Amino acid sequence: MEVFYYVVFGVLGIVVAALELSKNNKDRINTSSAFTSFKNNYLVVYSLMMAGDWLQGPYVYYLYSTYGFSKGDIGQLFIAGFGSSMLFGTIVGSLADKQGRKRACVTYCITYILSCITKHSPQYKVLMVGRVLGGIATSLLFSSFESWLVAEHNKRGFEQQWLSLTFSKAVFFGNGLVAIIAGLFGNLLVHSFSLGPVAPFDAAACFLAIGMAVILSSWSENYGDPSDNKDLITQFRGAAVAIASDEKIALLGAIQSLFEGSMYTFVFLWTPALSPNDEEIPHGFIFATFMLASMLGSSLASRLLSRSSPKVESYMQIVFLVSAASLLLPIIMASLVAPSKVKGGGISFSGCFQLLGFCVFEACVGLFWPSIMKMRSQYIPEEARSTIMNFFRIPLNIFVCVVLYNVNEFPMTVMFGMCSIFLFIASLLQRRLMMIADKPKANDWTPLNERNAEEAPLNI
């Protein structure tokens, strides 16, 4: 493996270690032993869930390509995943508010394990079913676990500020350390042990099964709106009312969709961007490097969230601007460096610079996750938390599906340019959110079934 990869990984590791070791009392939050036990239990489960997800990440595109599918065919498979997340995942995720968040988390485990099993088949239809199941699982992963955490945190009477500690630690471990280990472990399974690109999916299924056992044995159930007469349509309508009546929630949803849409597009693009001429690149090691960069971002977020200033609404403007600039690098390199026509070999000079830019973007991702979690806990009403969070994923999935459907129509520079523009727009929306963050709402959001009950006498 080229020295360049080790140098980048080593430098990032030193910076992350320095940030963590240099934390002082201002950067730490004093908590109770009961909260520590609760937090550690959640971190164990969340880390196992993310291990099941991250083990698959670097090898999805690679596995499909080894089965002989073209970039267009692979794009269609990715579309199936995001499309199912938008259609079925939104419905399944919203059921968590009524049927129980713990039950939804167990459903995530089962659904994703089944998705992993389908990866053994080279049949396109079977792989398509796996992508549909994976899309449903993704919606549950990014809504049900956070919803369970916030509700359980409040139910146990812990201080609100302590939530930011759990969020930052979850991203640091689950989206950082675990992802690095998963990337290296996947690289070991595929390349060192020569078990093939399907091996990481089998390992992922094992971690998901272990996590499911911990959930079943140690988690209590919690719900959103306890009303027994609220059907799914009413839940959707109530979530729509909440978004329409509160500009903060609407802005938060737009910001999340723009950033995550760009992020998921990047997940599809980074492999062909770094190896446009089939250069030999260590997918697992590069993925681990990205996750180390994400750890750097989450470590910074931990410091920022533990202090009263600057506010999360303020510093996230800069994060979005930096992320927009980082995804412009492939466009800049394409205009400055003539593309190579030599097939194979190691990573190109242009690829090295792009890799550095991608690490900056991943650091922004590490800052984004705990920060957006903190803002969601502040602005989204508890009654329909999972439903509203899945509403946010609808425009996200539409955006990614449109991009992937046209993946053969546009060069990668155009797609990176679109992502950069969307991130810049997210920065503008974040500025607006900062301006109205302390502004009281003109009308408090009321659950739709209560509102209907109040209006009922008028209709008699």
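**Entry 1: a helix pair.** I began with α7 and helix α16 (residues 385-405), which pack at an angle of about 145° with their axes 9 Å apart; axes here are lines fitted to C-alpha atoms, for helices over the stretch in contact, and angles run from 0 to 180 degrees between N-to-C directions. I noted that α7 passes α16 in a right-handed crossing, a term for the near helix being turned clockwise from the far one by less than a right angle. Looking at the residues that meet, I found Ser144, Glu146, Ser147 and Val150 in α7 against Arg385, Ser386 and Met389 in α16, where contact means heavy atoms within 4.5 Å. By class, this contact has two nonpolar, three polar and two charged residues.

**Entry 2: what I am reading.** I keep in mind that this is a predicted model, in which local features need pLDDT of at least 70 and side-chain atom pairs count only at pLDDT 80 or more, while totals for chains, interfaces and linings use all residues. Residues are numbered from 1 along each chain as its sequence is written, and side-chain values use heavy atoms, with hydrogens and water left out.

**Entry 3: the whole chain.** I counted 18 helices and zero strands, these being DSSP runs numbered from the N terminus (helices H or I, at least four residues; strands E, at least two). Of the 460 residues in the chain, 58% are buried, that is, under 20% relative accessible area, with exposed set at over 50% and partly exposed in between (1.4 Å probe, protein chains only).

**Entry 4: His153.** Is His153 buried or exposed? I found His153 in helix α7 (residues 144-155), and it is buried because its relative accessible area is 0%. A polar atom of the His153 side chain lies 2.7 Å from the backbone oxygen of Glu159. Leaving out residues up to four places away in sequence, His153 touches Phe35, Phe38, Phe158, Glu159, Gln160, Trp162 and Leu163.

**Entry 5: Phe145 and the core.** I then looked up the largest nonpolar core, which has 141 residues; such a core is a set of buried Ala, Val, Leu, Ile, Met, Phe, Trp, Tyr and Cys residues joined through side-chain atoms within 4.5 Å. Phe145 is one of those with the most contacts inside this core, and its partners beyond four places in sequence include Tyr42, Met49, Tyr108 and Trp219.

**Entry 6: a loop residue.** Last, I turned to Val337 in the loop between α14 (329-336) and α15 (349-379), which is partly exposed, with a relative accessible area of 27%. Val337 and Ser350 are 13 residues apart in sequence and 6.9 Å apart in space, C-alpha to C-alpha.

Definitions and conventions:
Polar contact = N/O pair within 3.5 Å; in protein donor to acceptor, adjacent residues only side chain to side chain. Nonpolar A, V, L, I, M, F, W, Y, C, P; charged D, E, K, R; others polar.
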